[in-house]
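Here are my notebook entries from a look through this model.

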Amino acid sequence: MPELPEVETVRRQLAPVVEGRRFETVRIVDARLTRPLDPDEVARELEGETVELVDRRGKYLIVRFESGRALLIHLRMTGSLSHAPSGELPDDPYRRAVVTLDDTSDVAYRDVRRFGTWLLLEPEEVESYVDSRVGREPLAEAYKAKHLAEKLASRKAPVKAAILDQRTVAGVGNIYADEALWRARIHPLIPAHELEPERVKALHRGIRKSLELGIARQGSTLSDYRTPNGESGQMQHEFKVYGRDGEPCERCGTPIDKIRVAGRGTWYCPRCQPYRG
Ligand SMILES: [Zn+2]
């Protein structure tokens with residue numbers, strides 16, 4: 001599933017080709033993308049809108065229009081976007097929508113499992129909608145350890161479950177949660193509210209470091225994630241723990257263990273991330 005680094009990679013590649021462009025024609029061929037709204041109605045509403053900015057908050061891609069409206073795109077499991085000059089989109093049975101821009105190029109949305117969503121919001125709805133669903137942006141300059149501490153202080157859930165909650169911090173999913181906990185040397189099952197301030201600081205650093213590295217590698221390519229330029233990310237070659245059960249920890253050589261936390265496969269180093277201490 002795309003997490004913050006993957007969505008940020010999409011945003012960075014899409015921004016230069018769509019900012020300042022008008023949505024000339026919009027075709028939405030899968031009703032699930034816009035439900036409960038009629039896809040043709042949403043498509044008609046989008047036509048004529050000019051893109052001011054391609055923004056992101058957590059895993060939401062936010063296409064902000066000059067009108068003040070915004071198209072919120074969530075890729076969920078298998079959504080992806082690609083950009084191609086006029087007439088050069090290859091055939092694709094999983095294509096769910098195409099936006100033709102005023103320079104005649106196309107932006108195509110593909111989604112094999114069809115969990116992705118497109119939601120058009122009116123100007124006054126945008127910030128409140130996003131704020132109610134996602135916490136602070138972890139890579140923002142203003143995001144400090146105290147913000148993470150405030151969110152964790154009241155949570156008795158395992159720390160991994162707490163940071164997977166998008167309201168704790170925006171954009172961290174299963175992969176980067178495990179990577180961040182390894183960096184911070186924190187066992188994923190420790191109750192969030194038991195973490196001392198020093199360990200919360202370490203986790204804050206670990207989250208940022210893992211996400212930044214993910215962005216630098218253009219995300220991780222698992223299943224069929226592709227960037228809008230058709231490239232695959234390279235982060236999967238640099239995971240410290242995620243998916244590495246039985247392989248040696250790069251810090252101490254202990255085999256990485258796999259457990260389940262909050263219903264999700266979870267990888268950690270039993271020696272660097274002890275439950276106590
Ligand atoms: Zn280790």
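I started with Leu181, which counts as buried because its relative accessibility is 1% (buried means under 20% relative accessible area, exposed over 50%, partly exposed in between, with a 1.4 Å probe and protein chains only). Leu181 sits in helix H6, residues 174–184 (helices are DSSP runs of H or I with at least four residues, strands are runs of E with at least two, numbered from the N terminus).

A note on the source: this is a predicted model, where local features need pLDDT of at least 70 and side-chain atom pairs count only at pLDDT 80 or more, while totals for chains, interfaces and linings use all residues. Residues are numbered from 1 along each chain as its sequence is written, and side-chain values use heavy atoms, leaving out hydrogens and water.

Next I looked up salt bridges (a side-chain nitrogen of Lys or Arg within 4 Å of a carboxyl oxygen of Asp or Glu), and the whole structure has 26. I picked out Arg57 and Asp131, whose side chains meet at 3.1 Å, N to O. Arg57 belongs to strand S2 (residues 51–57) and Asp131 to helix H3 (residues 126–133), so this pair ties together parts 74 residues apart in sequence. Arg57 is buried at 18%, whereas Asp131 is partly exposed at 48%.

I also found a salt-bridge network linking Glu8, Arg11, Arg12, Arg56 and Glu137.

How many disulfides does a search of the whole structure find? I got zero, with a disulfide taken as a pair of cysteine sulfur atoms within 2.5 Å. For the cysteines, I noted that Cys249 is buried at 3% and Cys269 is buried at 0%.
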